[in-house]
Amino acid sequence: MGILNEISENLQKGKAKAVKELVQQALDEGIGAETILSDGLLAGMSVIGEKFKNNEVYVPEVLVAARAMNMGSQILKPHLAASGVTAKGRVCIGTVQGDLHDIGKNIVKMMLEGKGLEVVDLGTDVSAEAFVNAAIEQDCQIICCSALLTTTMGVMADVVKAAEAAGIRDKVKIMIGGAPVSEEFCKQIGADCYTSDAASAADAAVQFCMA
Amino acid sequence: MDNFTKAVRFECPDHIPMQFHINASCWHHYDKEALWDLMEEHKLLFPNFKRPASDWMPTYDLVARADEPYTDPMGCVWYTSDNGITGTVLGHPLEDWENFKTWNIADPETTDGLYKVDWAAREKAWADIKANGGSFRGGLRHGHTFLQLCDLRGYQNLLCDMLDEEPLLDELIDKLTDFNLALVKRYVANGCASMAYPEDLGMQVGPMLSPDMFRKYIKPSYQKIMKPAKDAGIPIHMHSDGDIRTLVDDIVDSGVEVINLQDLVNGIDWIADKFRGKICVDLDIDRQSITPYGTPAQIDALIREEVSKIGTREGGLTMIYGLYPGVPLENVKALMDAMEKYAFYFS
């Protein structure tokens, strides 16, 4: 098995320490940081993402795989920066104002990073204005809003309106998700995309960034 | 034997026991008078309801008070943004294992883990109930083991601990098991009619922890804390939100006699295939799709389907609904109507 496959395999099993060591070994062998990232770390996360989408693995497996990826990425970061490699796109993400439940948001964040996107995590209880300001200031192509409660999902409509009011609606895509949210609700409030799971959200985000 | 126990033990209940719980946040999201009208119209669901004064408002639990962070006896800090909606823990006292050296678990003689409790007063109240021919149900706090560990460490930290086989986690679980065991023994010693062990172990799809993790870290604790109730012949009730299909065999194997799980998340047919006629299902009626967004006819059809597929003439089915804001009032009425109608499906 080649070292990049080994990185991918270990990442899928959540073996963070092994991934870290293998990434360093790959660098020492002269493999480029971008290749290690795409063919080792992101390849492994891509497998996990597909399995997650097909209900073959669940949140715990995603979480530990993402932890392994993060540890590998830390080693690569200075090398990627030195060679001018940039992320495929930038996304800001948060739970909407009044909603403090962030497990779903954190899983989407992991999946987005697993697709090579840079994520600006705004945390929980984020106002519509804060989403829009972050998108402007951090030059994000996508705003991702998460809600668990029926009482807070309405704030997603405020985010759409705030983006329109700030004049960035044509520059930024707004994605929504969470237990009470649906495709119908997405259309109703004028958001761009609803997905029912985190892996599909990451796929959609990549599509938006590549467009 | 009361009707609930008859249903649990497959002893031909008079009707399917139905519970309709109204979350405290509803009282400021709905027209209170309209909800009270519905409660008055549905005597089976609300047998003891007496219309309060028009300015009545509920007293919110300490973990459900907007903008009033609450630190529980375990040291977890709760926040909520809406009065009545149970908060989430944002302050985890053991987020850093360094804190474990000085952290003390709550005292079961003075708390239930979430609040301070005057056990002497409670025991007197239970004795009075029993002296008057009634019975009381015992129960641990919602989230007694797995969620408690999440609250103490943080969800992601906890899963990493399990994966890394962190030795301090074993120590923490032992302390928590002893704490819960002391509470269970108290309820059992006072003669509770049933014992509830509510948790949340499922996500929208899949479990919150892997089945292997559950077997290794959580199930042994469940077995210990369920044993006193099991030994006393007291029905054991277990609740979990979310998709628990991959965990449910181990949950039942821990000693559970009544399983409370969500209908559509786990699938009506799956629940029927798994449990009908074998284990009593306390079915948690959908609150994510049909009741908030469907029509009254769809709600009626849902309850009919659930009763006909999961219930039996002998019993084995009880149902519960939790109302939260966002469900149209006409759907609330349709659901109450359907629950009262199909409670007598086998009668």
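Axes here are lines fitted to C-alpha atoms, for helices over the stretch in contact, and angles run from 0 to 180 degrees between N-to-C directions. Helices (H or I, at least four residues) are DSSP runs, numbered from the N terminus. The model is predicted: local features need pLDDT of at least 70, side-chain atom pairs count only at pLDDT 80 or more, and totals for chains, interfaces and linings use all residues. Residues are numbered from 1 along each chain as its sequence is written, chains are lettered from A in the order in which they are written, and side-chain values use heavy atoms, without hydrogens and water.

**View 1. Helix 13 (residues 296-310) of chain B packs with helix 14 (residues 329-342) of chain B.** The two axes lie 9 Å apart, at an angle of about 30 degrees. Helix 13 of chain B and helix 14 of chain B are therefore roughly parallel (angles under 35 degrees; over 145 is roughly antiparallel, 65 to 115 roughly perpendicular, and the rest oblique). Their crossing is right-handed, meaning that the near helix is turned clockwise from the far one by less than a right angle. Helix 13 of chain B contributes Pro296(B), Ile299(B), Asp300(B), Ile303(B), Arg304(B) and Val307(B) to the contact (heavy atoms within 4.5 Å). Among the partners in helix 14 of chain B are Ala334(B), Leu335(B), Ala338(B) and Met339(B). By class, this contact holds nine nonpolar, one polar and four charged residues. Ala, Val, Leu, Ile, Met, Phe, Trp, Tyr, Cys and Pro count as nonpolar, Asp, Glu, Lys and Arg as charged, and the others, Gly among them, as polar.

**View 2. Helix 4 (residues 119-131) of chain B crosses helix 7 (residues 167-189) of chain B.** The axes come within 11 Å and cross at roughly 30 degrees. Helix 4 of chain B passes helix 7 of chain B in a right-handed crossing. Trp119(B), Arg122(B), Glu123(B) and Trp126(B) of helix 4 meet Leu183(B), Arg186(B) and Tyr187(B) of helix 7. Four of these contact residues are nonpolar, none polar and three charged.

**View 3. Domain 1 (1-65 + 281-347) and domain 2 (72-256) of chain B.** Domain bounds come from an automatic or database domain assignment. The C-alpha centres of the two domains are separated by 26 Å. The contact involves 21 residues of domain 1 of chain B and 19 of domain 2 of chain B. About 1,500 Å² is buried between them, with carbon and sulfur atoms giving 49%. Buried area is the accessible area (1.4 Å probe) that two parts lose on being put together, summed over both. Phe4(B), Val63(B) and Ala64(B) supply 34% of the area that domain 1 of chain B buries against domain 2 of chain B, more than any other three residues.

**View 4. Domain 1 (3-82) and domain 2 (90-210) of chain A.** Their C-alpha centres lie 25 Å apart. In the contact, 13 residues of domain 1 of chain A touch twelve of domain 2 of chain A. The buried area is about 970 Å², 73% of it from carbon and sulfur atoms. Leu42(A), Phe52(A) and Lys53(A) supply 40% of the area that domain 1 of chain A buries against domain 2 of chain A, more than any other three residues.

**View 5. Helix 3 (residues 33-53) of chain A meets helix 9 (residues 198-210) of chain A.** The axes come within 8 Å and cross at roughly 125 degrees. Helix 3 of chain A and helix 9 of chain A are therefore oblique to each other. Gly49(A), Glu50(A), Phe52(A) and Lys53(A) meet Ala198(A), Ala199(A), Ser200(A) and Asp203(A).

Definitions and conventions. Helices (H or I, at least four residues) and strands (E, at least two) are DSSP runs, numbered from the N terminus.
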